[in-house]
Amino acid sequence: MPGKIYRYLADDHRRLDALLERAMSDPANIDASSYAQFRSGLLKHIGMEEKVLLPSAQKLRGGEPLPVASKLRLDHGALAALLVPTPTAPLVAAIRAILKVHNSIEEDPHGMYDQCEELAGAEADQILCHLQNYAEVKVVPHVDSPFVMEATRRAVARAGYNLELLEKL
């Protein structure tokens with residue numbers, strides 16, 4: 001049975017999925033309010049994993065990062081880059097494709113969340129408290145420029161995702 005850290009973060013995945021679904025209910029007219037909530041929520045979720053969960057796991061492993069940590073960090077970079085430009089249907093399709101793979105790495109049996117839960121042991125309540133009290137992330141306005149789009153393409157490619165995802169960007 002999943003532990004409290006797992007449940008907290010997996011529930012946040014479901015919340016974010018619902019916000020993105022609401023934002024994209026009419027892909028020709030993306031709901032800006034729902035997308036803004038999704039965007040700030042995903043950035044906060046990434047922050048919780050990068051600043052709380054992965055460092056806690058590394059500490060509990062005697063300074064050795066989880067084997068999957070570098071992959072997750074590349075995914076986080078790609079997702080953050082995709083959140084910079086104004087959303088379009090192709091950008092959101094790329095976000096969804098990455099999240100499908102990324103979330104399963106975290107949530108599947110023996111995935112990152114299970115590993116962190118097992119490592120946490122008696123420290124699980126303290127880690128959960130840090131996650132629950134993680135500050136909101138300051139979100140800046142979207143930036144649309146050729147430089148931003150090229151940097152986004154590079155981040156997605158660096159994370160190992162098929163460049164066909166990016167052809168429509």
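His110 counts as exposed because its relative accessibility is 68%; exposed means over 50% relative accessible area, buried under 20%, and partly exposed in between (1.4 Å probe, protein chains only). His110 is placed in the loop between α4 and α5. Its phi is positive, about 65°, although His110 is not a glycine. Helices here are DSSP runs (H or I, at least four residues), as are strands (E, at least two), numbered from the N terminus.

The model is predicted: local features need pLDDT of at least 70, side-chain atom pairs count only at pLDDT 80 or more, and totals for chains, interfaces and linings use all residues. Residues are numbered from 1 along each chain as its sequence is written, and side-chain values use heavy atoms, with hydrogens and water left out.

Helix α5 spans residues 112-120. Its buried residues are Met112, Tyr113, Cys116, Glu117 and Ala120. They lie on the same side of α5, because they cover an arc of only 135° around the axis. The arc is taken from the directions from the helix axis to the C-beta atoms. An α-helix has 3.6 residues a turn, so residues three or four places apart point the same way. The cover over the buried residues of α5 includes α1 (4-23), α2 (32-60), α3 (69-82), α4 (89-107) and α6 (124-132). Gly121 follows α5 and has a positive phi, near 50°.

Asn103 lies in helix α4. Asn103 counts as buried, because its relative accessibility is 11%. Its side chain makes a polar contact of 3.4 Å with that of His13. A polar contact is a pair of N or O atoms within 3.5 Å; within protein, one must be able to donate a hydrogen and the other to accept it, and residues adjacent in sequence count only if both atoms are side-chain atoms. Beyond neighbours within four places in sequence, Asn103 is in contact (heavy atoms within 4.5 Å) with His13, Asp17 and Asp108.

The largest nonpolar core has 23 residues. Such a core is a set of buried Ala, Val, Leu, Ile, Met, Phe, Trp, Tyr and Cys residues joined through side-chain atoms within 4.5 Å. Tyr35, Phe38, Leu42 and Ile95 have the most contacts inside this core. Two or more residues come from each of α1, α2, α3, α4 and α7 (146-158). The most, 6 residues, come from α4. Not counting residues up to four places away in sequence, Ile95 touches Leu20, Tyr35, Phe38, Leu79, Leu82 and Leu83. A second, separate core has 21 residues, including Leu54, Leu72, Cys116 and Leu131.
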